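Dear colleague,

I am passing on the structure we spoke about, with the sequence alongside. Please look through it first; my notes follow below.

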Amino acid sequence: MQIRFMNTTGRAMAMACLLAITSTLAMSANLTSTKFDTTVQLHGTPLVLNGAGTRFRVIFKVYDMALYTSKKVGTPEELLALPGPKRLSFVALREIPGTDLGLAFLKGLQANAAKDQVQKHTTSSTRLIDIFSGQSKLMPGDSFAMDFVPGSGTTFYIAGKPQGAPVGDAEFFNMVLKIWVGSSPADFMLKDALLGQESKTAR
């Protein structure tokens, strides 16, 4: 009986610790260490900061991220249906091997889009992956971004420098957005933060 009581107590303490960690991460998901601008200009179009948050891997911070749109939206459906330019801005918070980042983007694309859709945009997806996999690593403080301009496509930036010509169309950029706001996002708490919602506990 005593052993069973201790085991039950131990499990309860472990669960309490897990909930405390989860709660802390949820609260900090919206509190980025990076100070993102509240407004930006993209090809002459003013964009507003829709939301910003931190990507966690387990309990470690990976990067801060901001979503800019022509007007604020609060759901994935509203975001994906919103016309006009959009920007995703990132700042690395730890050393990130480029190959790891490229593979993470590929995994996110495949997890949130139909197989035929991924195949349809193979050229653009490969370009996205190659750009980041081609970097040996990103260091804390390094920035990267993805800009979508209707009629032009998506341009990828590293340290403010464009990495080649724009690729893809609106459907492709929506696939990219779904890496973070799709049904299987990279980080559920980051998804909430980007959509300007109060972070929920990890799912």
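In this predicted model, Glu95 forms a salt bridge with Lys137, with the closest N and O atoms 3.8 Å apart. Because Glu95 sits in the loop between strand E4 (86-92) and strand E5 (96-97) while Lys137 belongs to strand E6 (residues 137-138), the pair ties together parts that are 42 residues apart in sequence. Glu95 is partly exposed, at a relative accessible area of 44%, and Lys137 is also partly exposed, at 40%.

A search of the whole structure finds four salt bridges, and another of them joins Asp187 to Arg55, where the closest N and O atoms are 3.9 Å apart. This pair links distant parts of the chain, since Asp187 lies in the loop between H6 and helix H7 (188-194) and Arg55 in strand E2, 132 residues apart; both Asp187 and Arg55 are buried.

As for confidence, the chain averages a pLDDT of 87, and 83% of the residues score at least 70, but pLDDT stays under 50 over residues 1-6 and over residues 12-29. Where pLDDT is low, the predicted coordinates should not be read in detail.

Best wishes

Methods:
Residues numbered from 1 in each chain as written. Predicted model: local features only at pLDDT ≥ 70, side-chain atom pairs only at ≥ 80, totals over all residues. Heavy atoms only, no water. pLDDT = per-residue confidence, 0-100. Contact = heavy atoms within 4.5 Å. Salt bridge = Lys/Arg side-chain N within 4 Å of Asp/Glu carboxyl O. Helix = DSSP H or I, 4+ residues; strand = E, 2+ residues; numbered from the N terminus. Buried < 20%, exposed > 50% of the residue type's maximum accessible area, 1.4 Å probe, protein only.
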